[in-house]
Amino acid sequence: HTERKNKMVAWKSNSQFNETNTVLIISQDAEMASIWESLFEQKNCQVVCETSGRNALQTSRLLSPSLIVLDLSLPSEERIRLCSELRCTTNGTILLLAPKGNLTEISDYLRAGADEFLSTPISPMALLIKSMAWLVRQSPQLYA
């Protein structure tokens, strides 16, 4: 009977670990990615960083992240296509960071699957606050 209780406790702790949010950071800016990674880890998120769209798509298919921070310097059409392809891999939030665009371009990003367009440059803390707001909407029980 005691053995059974221990197994349940172990199962519960493993279950809690699996409920942490996974964040995929897609950026060629290693310095900013490192700062964002450490901020998300402080909020108990598992973080994976990728520097290319192709690798990011594979990672997103494998992990189905809760949040994707997309900060790649790509031509607009490629960024839109990547948003659309990422959307097919996850129901998680996609935050697109890019230089301020025109309204039509922003609308294209949102139609392609981005949940929010954030103009760059953006402070790490502002990105964290926006990100955590989206994560709380998805999994309020994790942040209660």
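View 1. At 30% relative accessibility, Asp 115 counts as partly exposed (buried is under 20% relative accessible area, exposed over 50%, partly exposed in between, with a 1.4 Å probe and protein chains only). Helices (H or I, at least four residues) and strands (E, at least two) are DSSP runs, numbered from the N terminus.

A note for all the views: this is a predicted model, where local features need pLDDT of at least 70 and side-chain atom pairs count only at pLDDT 80 or more, whereas totals for chains, interfaces and linings use all residues. Residues are numbered from 1 along each chain as its sequence is written, and side-chain values use heavy atoms, leaving out hydrogens and water.

**View 2. Glu 116 meets Lys 130 in a salt bridge.** Here the N to O distance is 2.8 Å. Glu 116 lies in strand E5 and Lys 130 in helix H6, so the pair ties together parts that are 14 residues apart in sequence. Glu 116 counts as buried at 16% relative accessibility, and Lys 130 as partly exposed at 35%.

**View 3. Glu 85 and Arg 81 pair up within helix H4.** The closest N and O atoms of this salt bridge are 3.9 Å apart. Both residues lie in helix H4 (residues 76-87), 4 residues apart, or about one turn of the helix. Glu 85 is partly exposed at 32%, as is Arg 81 at 49%. A search of the whole structure finds 4 salt bridges.

**View 4. Ile 25 sits among the residues with the most contacts in the largest nonpolar core.** This core (buried Ala, Val, Leu, Ile, Met, Phe, Trp, Tyr and Cys residues joined through side-chain atoms within 4.5 Å) has 20 residues. Elements giving it two or more residues include strand E1 (22-27), helix H2 (30-42) and helix H6 (124-138). Contact means heavy atoms within 4.5 Å; leaving aside residues up to four places away in sequence, Ile 25 touches Trp 36, Phe 40 and Val 69, among others.

Terms used
Salt bridge = Lys/Arg side-chain N within 4 Å of Asp/Glu carboxyl O.
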